[in-house]
Structure formats: structure tokens, C-alpha cells
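Visitor: Could you walk me through how to read this structure?
Guide: Gladly; let us look at it together.

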Amino acid sequence: MNILNIQRMSTEDGPGLRTTVFFKGCPLKCTWCHNPESILPSIQKEWFQVRCIGCHICIVNCPAQALSVTENGIDSDMTKCKLCLKCVDGCPAGAMQQIGKIISVEMLFNEIIKDKAYFNGSGGVTLSGGEVMAQTTEAVKLCQKLKAHGISIALDTSGYTQYANFETLLPYVDLLLYDLKVDDALDHQRLCGVDNAIIKSNLIRLSQESVKIWIRTPIIPNATDDVKNIKAIATFLSEYSIRFERWELCAFNNLCIDKYARLGQSWEFEKTPLVTKDTMALLLSTAQAIVSKPEVVSFTGLTQLEEEVKCTKQ
Ligand code: SF4
Ligand code: SF4
């Protein structure tokens, strides 16, 4: 299997203290993606400017002439790059790094099980990505091992997969973190690269199962942050009596700017300011006015106001 990394002591990926495993590879291409390194299912490379000593060994080693020096440092022409990773292997400063790791289920489990002591009843393991369902066979094997050790499992998913994959994984999953980003089908296609019909129909079916469900909606400026979108998602949840324990409206952040730079990619949200607290409050009240349990809807993340307060304190 191909994973990005393992994040320990996470408090944002389900209840309690959690170990989150990020799978590599995702069928969606959200324009605002905060984990751009997780989209491609293949191993990639990234360049850390602060570590680079300018020796240019990478350029000499590259068999595809994909690397060059620019005023911004080492530039990669990804139309030429063959992802052979010779630049990574030869870099004396660790400035060229591999993204993704091929690992066996057994090795991954042995790594995760070290954290069992701190799950402390309420925590557990969260499988995230990328899209876990793109590697369902491996995920099931991992879940079987974790469950045999009594570990609680959360699955963070875009929902974009055949329902059969959920049926295979559900016996091991205690909590689903389910993304509903955009309600309108055409907007979803435009913003996320795929149609959302299967995401909605899967959720309707999942709601009939006993698994706990937390809905998550990223609030992205000029993409998902309009009242119409939140109203439509809330109406969908209500009309189909979707059963959920929480619905989180997650405020946009720009912490991933460096990731795009390291990949040599531009990001259209680079200069986008955080969402205002008023906008979040409006969207929250919009959602709460429609769903049957308004008390389980909340918003998370930094808003402009909090960011300003933080800057003033520094
Ligand atoms: S080999 Fe490493 S340190 Fe040398 S120029 Fe390339 S990235 Fe920078
Ligand atoms: S991964 Fe291989 S082809 Fe791509 S830039 Fe590095 S050395 Fe060149």
C-alpha cells in the first residue's frame, strides 16, 4: 500500500487522541485541496528551499533534464520528470524528498500498534487521505488487525467510491467522517473534478447502517461558502433523514501554501483571506435553521477575527 504519513496525537480526526494514517491517492481534485501531495497515487518528490545548499547534484543526476535553476531555486518541469527519484537519492542536504511510502499492511500495523496505550478508551486510529477507499483491500486487512486488538477505527472519506467498498469496510469502522462539500452537481464537478451523485447516494445508504456519522463541509471562499450551498446541503440531509451525530463547517485555512511551493505547483487560493466570523455565523445559522438537530451543527477553524487577534498578540 502507498501512504503519505502517520500523524500521532491528533485531536482533529475523531474523538480522543488518535493516530491518523494518510493514504496516498484520491479520485477528487478539489481546487482548494489542503493535501495536494495526497492526490496522485504514485510516489512523488518535493523540494525544500531552506535545506538546499545549491550544489546542483540533482540537476546533474536527472536523466530527463527535468531540473533547472531559476531565481526561485530548483525548478522541476513535471512534463519531463519520470519520477525516478534519482534527484532524491543523490541530494546531500535532504532538500529533495520523496512523498509517499510503499509499505506492507504488516509493517504499518506494527507501527500503529505502538500507540495503543494512549488511545485510552476514547481515542483510536483514523484512516484518512487522499481517499482510503482507493486502497480498500489493504485498508480492510489493516482494519482486521486493528479490530483484533480492540482499537476503535474512524474512516475519513470523500464518499466517492462504489458502495461495495463501504460494505467491505463497515464491519470494522466505528465512525465515518463524511465530506459533503458542494451540493450542486455541476458545481461539484467544476470544483472537485467529479460528479457528486454517488457521494450522496452512498450517504443515504450509510445512514441506514449503525455506524456513527460526522458530516464535514469545508467552507472555502468563493467556492462553498455561500448560503445557497449550505442551505442545499442542509435540505438534502433533512429530506433524506440522514442520521448524523455532528455536522462541522470547517473554516478555510491557508496552511498548505508551502506544500504547493514544495511541489512546484501554484495554488489559486494563495492570497485568499480567511473567512470572516460573520460569514461562519451566517452559514451556521443557515444550517441550524433547516436540520432537525441544530445543536449538533458547529463551525471549526480560524476566522479572520481570530487571526487578527493572534497577530496583535505576537
Ligand atoms: S542536490 Fe539537493 S542540495 Fe543540491 S541543488 Fe539539488 S536539491 Fe539543492
Ligand atoms: S524524479 Fe527523476 S526525472 Fe524527476 S526530476 Fe528527479 S531525477 Fe529528474
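Guide: Two residues are in contact if their C-beta atoms, placed from the backbone, lie within 7 Å. This is a predicted model, where local features need pLDDT of at least 70, side-chain atom pairs count only at pLDDT 80 or more, and totals for chains, interfaces and linings use all residues. Residues are numbered from 1 along each chain as written, with chains lettered from A and ligands numbered from 1 in the order in which they are written.

Visitor: Which residues is Ala-251 in contact with, leaving aside neighbours within four places in sequence?
Guide: Its partners include Ile-219, Leu-274, Met-280 and Phe-299.

Visitor: Which residues touch the most other members of the largest nonpolar core?
Guide: Such a core joins buried Ala, Val, Leu, Ile, Met, Phe, Trp, Tyr and Cys residues through C-beta atoms within 7 Å; buried means 20 or more other C-beta atoms within 10 Å of a residue's own. Here the core has 65 residues, and Leu-127, Ile-153, Leu-155, Ile-219 and Ala-251 touch the most other members. A second, separate core of 10 residues includes Trp-47 and Cys-62.

Visitor: Why is strand S8 largely enclosed?
Guide: Strands are DSSP runs of E, at least two residues, numbered from the N terminus. All 5 of the 5 residues of S8 (residues 124–128) are buried, so the rest of the structure largely encloses this strand.

Visitor: In which sense do S8 and S9 pair?
Guide: Pairing takes at least two DSSP bridges between strands. S8 and S9 (residues 153–157) are parallel, over 3 bridges, with Leu-127 opposite Leu-155.

Note on methods: A residue is buried if 20 or more other C-beta atoms lie within 10 Å of its own, exposed if 12 or fewer, and partly exposed in between; C-beta atoms are placed from the backbone. Helices (H or I, at least four residues) and strands (E, at least two) are DSSP runs, numbered from the N terminus.
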